[in-house]
Protein chains: 2
Amino acid sequence: MSVVHRFNGKPNDYRWEGVKVREYDDEFEGVTRQVFIGPDEDSNNFHMRYFHLEPGMHSNLERHPHEHGVLILHGKAKVQLNDEFFDVHPNDAIFISGNDLHQFVATGDQPLGFLCVIKAK
Amino acid sequence: MSVVHRFNGKPNDYRWEGVKVREYDDEFEGVTRQVFIGPDEDSNNFHMRYFHLEPGMHSNLERHPHEHGVLILHGKAKVQLNDEFFDVHPNDAIFISGNDLHQFVATGDQPLGFLCVIKAK
């Protein structure tokens, strides 16, 4: 069923009505994930997730067959794509091909927030 | 291959390096589309498109089997989902199920910009 999730967050801390904030432990404390279009919405082909990283935090350095489509929403990041590094800013778009090594690091003094699209499982 | 498309637009008129702006004719003059992650990036599972509508313009009123995932980026819209209407604002998220009738109208006095995700063909 179609659904509207209204934004009820702040400029550097996005939240949506009806969307759960999921926290990570250990090495990734300070990182949260919100799946605002996903299994709960019966989205059968793709999922849309918002990741929030406190300054200095990083995502997992990983390589996997599925692709990512990313749009930076707030803050700054250093992005690793295989052996290259890019400084990215709000509204920059990044496509990560399957099996390319990648990692996001929240640089700057404000939290990093980005949209990350993946295919549905 | 992974790619970074750097944002080089303005607050109400988004553009990205290396991404073509596609215009529409006739009824949809004043609407543009930019596929910033799509076939050119070899995105095999989903496409990410930015739609820009001048104030008062609208998208096609349509119903089709494929789903849409939408994030409002700037401006205001009235969204029709079947027989319901919603006023939406920046950062509101909308999931449109397959076969639900839908249309976006740019309300307010600034252009409407939204991200729309679809499965790849």
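Leaving aside its neighbours within four places in sequence, which residues is Val35(B) in contact with? The partners are His47(B) and Arg49(B). Keep in mind that this is a predicted model.

## Around Val35(B)

Val35(B) sits in strand β3 of chain B, the run that covers residues 31-37.

## Chain A: the strands

Over to chain A. What does its secondary structure come to? It's 10 strands and 0 helices. Reading from the N terminus, that gives β-β-β-β-β-β-β-β-β-β.

## Chain A: size and packing

Chain A has a radius of gyration of 14 Å, which agrees with the value near 14 Å that a compact globule of 121 residues would have. Along its principal axes, the C-alpha trace of chain A spans about 40 × 30 × 30 Å.

How much of chain A is buried? Buried residues account for 37% of its 121 residues. As for contacts in chain A, take those between residues at least 6 apart in sequence: 58% of them join residues at least 24 apart.

Key:
Residues numbered from 1 in each chain as written. Chains lettered and ligands numbered in written order. Predicted model: local features only at pLDDT ≥ 70, side-chain atom pairs only at ≥ 80, totals over all residues. Helix = DSSP H or I, 4+ residues; strand = E, 2+ residues; numbered from the N terminus. Rg over C-alpha atoms; globule rule 2.2 N^0.38 Å. Buried ≥ 20, exposed ≤ 12 C-beta atoms within 10 Å, placed from the backbone. Contact = placed C-beta atoms within 7 Å.
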